[in-house]
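The following paragraphs lead the reader through selected local features and then through a sheet with its covering helices. Please keep the sequence and the coordinates at hand.

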Amino acid sequence: MKQRVKELIVRILRVFGLHGVAKRAQENVLTVIARQRSNAARARFFRVHAALIDSEPGLDAVLYKDHWLVSHVVESTSPRTAMTSNREHLEAILEREGIAYRRIPIESANRFRLAVVDVDRAAVWDALTRNALANSYLYADLKSDPPSINLTTQSSSGASPNFDEATVWRYFECESAAGTDLTMGDLFGCEIEFWTQVDGALVASRWNRMVTRVSVDGFSESLPDGLPFFDEPLFPVDVVFTWVDGEDPNWLARKNDGLRAIGAAPVSDAGHDSRFVSRDELKSALRSLEIYADFVRHVYVVTADQVPGWLIQTDRLTVIDHRAIIPEEVLPTFNSHVIEARLHHIEGLSEQFIYMNDDFLFGRRVSKDQFFTGNGLSKFYLSKALISTDPHLTVDRAAQNTQQLIREAFGRVVTQKFKHAPYSLRRSVLYEIEERFPAIVERTLKATFRSSTDLPIASSFHHYYGYMTGQAVSDDLQSRYIDVGSELFEVDAARLVRLRNYDTLCVNDGGEIVTESRDAAIREFLVELQPNAASWERVGDS
């Protein structure tokens with residue numbers, strides 16, 4: 001009801017042309033409501049948990065997904081360590097209480113799952129409440145249920161009706177990294193799935209890819225260990241970022257020389273083109289990669305004779321200059337299509353690699369199989385946005401060039417753009433494109449600035465070409481897109497920070513003029529998303 005009222009107020013104001021008032025009204029209403037709810041929730045939480053938090057050192061209250069939780073503050077944490085710790089602690093409790101369980105596969109990169117016989121449900125509840133830590137929580141898979149309950153403050157007399165009915169519980173011990181907003185909550189918990197007895201056998205309540213029905217006597221038998229599933233990617237995967245500091249005077253001077261050479265007016269700063277404005281997006285992107293993409297073997301940052309002042313090269317991160325991969329005769333270049341067309345020439349780069357713009361971030365733990373199949377095919381993610389017929393914008397012309405080349409080479413029609421998400425690529429496919437379409441690739445390389453003849457190889461053509469030649473497949477990824485120029489940027493940003501319900505996020509600047517206050521809000525948003533310094537940042541640079 002409140003949401004409908006807010007939307008109605010905004011629509012009425014916009015009808016009368018009061019767009020600025022509408023924007024401020026919606027932002028103010030949302031801010032006031034959010035603050036009131038947060039204050040009320042905080043007061044309720046502390047009435048119940050204040051004594052618990054004071055009972056031992058290292059405990060604190062944290063706001064996690066709109067809910068206050070008791071958290072154990074640690075020096076550092078990560079999804080993988082939280083996942084493993086939650087499973088180990090849960091298994092230790094079950095073993096100590098003599099409750100049979102077995103590990104079963106789960107199609108999630110963010111948690112593990114154990115199976116328990118349903119007749120032991122009450123025993124599991126009793127074991128958890130008696131062995132609970134101050135930061136131990138349980139979540140039921142029913143939508144009507146509160147997100148989680150604190151097992152220490154919950155009565156051990158028996159489970160609530162919701163927990164009696166749920167087929168899956170999720171156990172987690174909430175922990176937070178000291179001095180940051182990074183909290184490992186229910187997303188990384190260990191699930192308890194209850195199996196029921198049917199006709200003398202135990203049957204899973206949810207499908208899994210290993211076993212869904214076993215004999216009563218065979219329930220506790222361990223699963224085969226040591227062998228991966230047939231479709232699990234076992235090959236190395238690297239990540240490549242492209243980055244430029246558009247405020248660098250030397251870079252700007254080279255760009256102005258290039259503009260004069262084609263008869264265009266020089267620019268005084270990077271502000272004229274949002275694509276070259278840096279708000280340390282790369283820092284946030286690299287932080288998110290280190291936390292959530294632990295499968296990555298090596299990271300390459302491709303730059304134009306530049307290195308961010310805060311970045312240091314390590315045994316896992318290497319800075320690559322344009323001169324190392326792009327022919328000297330076409331340098332300098334200010335065309336991203338040129339840079340993307342030569343990424344596969346990075347020495348030592350893995351066959352399968354992921355290309356990311358510096359405004360792409362990971363939002364939760366991701367796995368290798370979200371980007372590649374087990375037999376090495378790359379995955380791409382189609383958008384519902386269609387390729388425009390507008391002949392004027394170079395970005396649209398580039399997509400149209402992909403469309404035309406696929407039509408000519410394969411006699412097929414492609415109509416969709418791709419999500420603003422990481423691009424899964426293969427070096428061999430890129431070399432193949434280079435050899436099969438030399439004239440088109442060379443024409444792209446010679447365009448110092450974006451032109452109507454560019455072929456967007458890494459971000460578009462590779463995917464369609466790979467599909468047509470049996471080297472790529474279409475898949476989906478939980479991605480989000482936020483436009484920093486949107487009227488509701490602050491509202492959308494707050495929701496993304498709070499929920500983090502996405503695999504990848506693109507923080508995109510659509511080209512609008514950004515005010516100083518909005519610029520500050522964007523920078524604050526990026527820090528809130530990724531507050532923890534990565535291992536490749538200089539000490540003291542936070």
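A polar atom of the Glu281 side chain lies 2.8 Å from the backbone nitrogen of Arg279; a polar contact is a pair of N or O atoms within 3.5 Å, where within protein one must be able to donate a hydrogen and the other to accept it, and residues adjacent in sequence count only if both atoms are side-chain atoms. The model is predicted, so local features need pLDDT of at least 70 and side-chain atom pairs count only at pLDDT 80 or more, while totals for chains, interfaces and linings use all residues. Residues are numbered from 1 along each chain as its sequence is written, and side-chain values use heavy atoms, with hydrogens and water left out.

Glu281 belongs to helix α7, residues 281-292; helices (H or I, at least four residues) and strands (E, at least two) are DSSP runs, numbered from the N terminus. Glu281 counts as buried because its relative accessible area is 8%, where buried means under 20%, exposed over 50%, and partly exposed in between (1.4 Å probe, protein chains only). Leaving aside neighbours within four places in sequence, Glu281 is in contact (heavy atoms within 4.5 Å) with Asp358, Asp359 and Leu526.

Asp280 is found in the loop between α6 (249-261) and α7. Its phi is near 65°, a positive value in a residue other than glycine. Is Asp280 buried or partly exposed? Its relative accessibility is 33%, so Asp280 counts as partly exposed. Asp305, in the loop between β14 (299-303) and β15, likewise is not a glycine and has a positive phi, of about 55°. Asp305 is partly exposed because its relative accessibility is 49%. Another backbone feature is the cis peptide bond between Leu331 and Pro332, with omega about -5°; Pro332 is placed in the loop between β15 and α8 (336-340).

The next topic is the sheet. Its five strands are ordered β15-β14-β13-β16-β21, and the sheet is open with mixed pairing; two strands pair if DSSP finds at least two bridges between them. At the edges are β15 (317-321) and β21 (423-426), each pairing on one side only. From one strand to the next, the twist averages 30°; axes are lines fitted to C-alpha atoms, for helices over the stretch in contact, and angles run from 0 to 180 degrees between N-to-C directions. Strands β13 (residues 237-242) and β16 (residues 352-357) run parallel and are joined by six bridges. Val240 stands opposite Tyr355 in β16.

Two helices lie across β16 and β21: α10 (residues 427-436) runs at about 70° to β21, and α12 (residues 457-468) at about 65° to β21. Which residues of α10 are buried? They are Arg427, Val429, Leu430, Ile433 and Glu434. These buried residues line one face of α10 because, seen down its axis, they fall within an arc of 165°, the arc being that of the directions from the helix axis to the C-beta atoms. What covers them includes β16, β21, α11 (438-445) and α12.

Finally, Asp141 lies in the loop between β5 (136-140) and β6 (149-150). With a relative accessible area of 24%, Asp141 is partly exposed. The side chains of Asp141 and Thr167 are joined by a polar contact of 3.0 Å. Not counting residues up to four places away in sequence, Asp141 touches Ala166, Thr167, Val168 and Arg206.
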